Amino acid sequence: MDNNLTMDKLVNLCKSRGFVFQGSEIYGGFANTWDFGPVGVELKNNIKKAWWKKFVQEDPSAYGVDAAILMNPRVWEASGHVASFSDPQLDCKSCKYRFRADNLIEEKFKDVDVEKMTTEEMQKFIDEHKIKCPHCGNFNWTPIRQFKLMFETSRGTVEGEKDVVYLRPETCQGEYVNFLNVQRTMRAKVPFAIAQIGKSFRNEITPGNFLFRTVEFEQMELQMFCHPNESMEIYKSYKDRAMKFVEELGLSSENLRFHDHEKLAHYAKAACDIQYNFPIGWQELNGIHHRGNWDLSRHSEFSGKNMEYLDPYTNEKFLPNVIEYSIGADRLTLAVMSEAYEEEKLDNGETRVVMHFKPFLAPFKVAILPLQKNLSEKAKEVYAKLSKEFMCDYDEAGSIGKRYRRQDEIGTPFCVTIDFDTLEDDTVTVRDRDSMEQIRLKIEALTSYIAEKIKF
Ligand SMILES: [Zn+2]
């Protein structure tokens with residue numbers, strides 16, 4: 001990562017080069033929403049594909065699903081979200097800023113265990129210690145209110161008769177409710193994992209820091225169902241696999257660290273994050289949680305279905321434990337972009353911005369650049385050939401130097417230049433993004449040359 005990188009610089013690059021735009025921008029935007037552009041969607045898709053390859057395709061004990069976003073509302077009663085998925089919030093009556101009561105207390109009094117406090121206790125604490133508004137300095141609060149984090153919508157076929165349904169705040173419930181289906185249809189033996197990539201929604205008002213925290217986000221996660229006796233071993237193995245994966249995506253080890261949780265949910269046996277050193281500092285990148293048998297026991301209770309597993313070898317019947325591994329696709333995309341960014345000083349005194357993506361993650365693998373416009377017919381032939389295999393960009397506008405810089409800024413690992421020699425001998429120049437060195441290759445050799453370089 002470049003030490004000069006700030007979040008503002010990254011946001012500007014993303015906007016000007018087609019990675020990420022502000023959501024609903026022509027209407028003045030919409031807080032904490034972002035739209036991936038033509039370049040960004042390729043990067044994010046490549047990240048999702050890499051995760052799926054590593055944790056589903058290459059793992060014989062893992063199965064994928066794609067569950068519905070809208071679920072039976074009973075699911076969210078079983079999960080505990082209906083009862084307790086909310087933030088205690090209060091407004092400053094002087095400046096109208098909104099805060100979380102627990103954050104207000106934590107920031108001033110580091111030793112206080114706010115997680116154990118009720119709303120009434122937090123209210124009393126703020127009043128007694130006269131905690132002032134961090135924004136305007138006044139002590140002029142509304143009472144604390146519980147702010148629900150699940151988005152509610154309604155479903156109804158007859159006017160006036162409507163049922164509340166929720167946009168899922170997490171994807172993992174789709175795996176729990178399908179535990180029996182997957183086990184039966186795939187004849188799966190415990191331990192096995194069910195994995196999913198999909199959107200979740202949380203009605204958060206806390207500031208977002210670009211893609212770091214958004215109200216609508218995409219999770220890549222899996223739930224590993226296992227015997228209690230082997231659960232701790234499996235928990236540890238996912239810690240290692242999760243770390244190895246983000247390193248393989250190019251995140252450097254000095255920007256990564258484990259953070260074991262000291263405070264655990266009442267049902268949890270262990271939990272840790274992997275944190276990444278974002279331009280805004282060290283923050284959570286993913287989570288690995290040992291959830292005991294909480295999830296399946298709750299769904300057994302609320303659905304009335306017995307979710308026990310019968311071990312065919314030992315005839316033991318038990319409720320599997322769950323190890324959860326979850327990582328946000330948007331947040332990981334932000335980390336990959338932060339890591340890849342470099343303002344490189346060149347020998348001629350100029351500076352170039354280059355995104356050093358691993359080639360398998362790069363939005364475009366190759367850019368086809370005719371040296372002059374009258375070479376475009378040949379260049380389009382090359383584009384037609386290569387685009388059957390790879391995402392390609394095509395650019396014939398401006399000087400070749402400027403076109404190289406544009407490709408550097410979106411991280412294209414190879415630029416193929418068509419010149420007048422190409423018409424004679426069917427060779428092209430291939431320029432490497434990182435070294436800027438150029439080699440001459442036959443057109444027929446391009447596909448295998450590039451395919452070899454972009455393997456994951
Ligand atoms: Zn205020």
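A crossing of two helices is left-handed if the near helix is turned anticlockwise from the far one by less than a right angle, and right-handed if clockwise. The structure is a predicted model, in which local features need pLDDT of at least 70, side-chain atom pairs count only at pLDDT 80 or more, and totals for chains, interfaces and linings use all residues. Residues are numbered from 1 along each chain as its sequence is written.

**Exercise 1.** Describe how helix α5 packs against helix α6.

*Solution.* Step 1: locate the helices, which are DSSP runs (H or I, at least four residues; strands are E, at least two) numbered from the N terminus. Helix α5 covers residues 101-108 and helix α6 residues 119-128.

Step 1: state the geometry. Two packed helices are described by the angle between their axes and the distance between the axes. Axes are lines fitted to C-alpha atoms, for helices over the stretch in contact, and angles run from 0 to 180 degrees between N-to-C directions. Here the angle is about 50° and the axes are 10 Å apart.

Step 2: classify the angle. Under 35 degrees counts as roughly parallel, over 145 as roughly antiparallel, 65 to 115 as roughly perpendicular and the rest as oblique. Helices α5 and α6 are therefore oblique to each other, and their crossing is left-handed.

Step 3: list the contact residues (C-beta atoms, placed from the backbone, within 7 Å). Helix α5 contributes Ala-101, Asp-102, Leu-104 and Ile-105, while α6 contributes Met-122, Phe-125 and Ile-126.

**Exercise 2.** Carry out the analysis of the open sheet of five strands.

*Solution.* Step 1: the order is β20-β19-β21-β22-β23, and the pairing is mixed.

Step 1: β20 (392-394) and β23 (438-442) stand at the edges with a single partner strand each, so one side of each has no neighbour in the sheet.

Step 2: β19 (366-370) runs parallel to β20, joined by three bridges, and Ala-367 stands opposite Asp-393 in β20.

How values were computed: Two residues are in contact if their C-beta atoms, placed from the backbone, lie within 7 Å. Two strands pair if DSSP finds at least two bridges between them.
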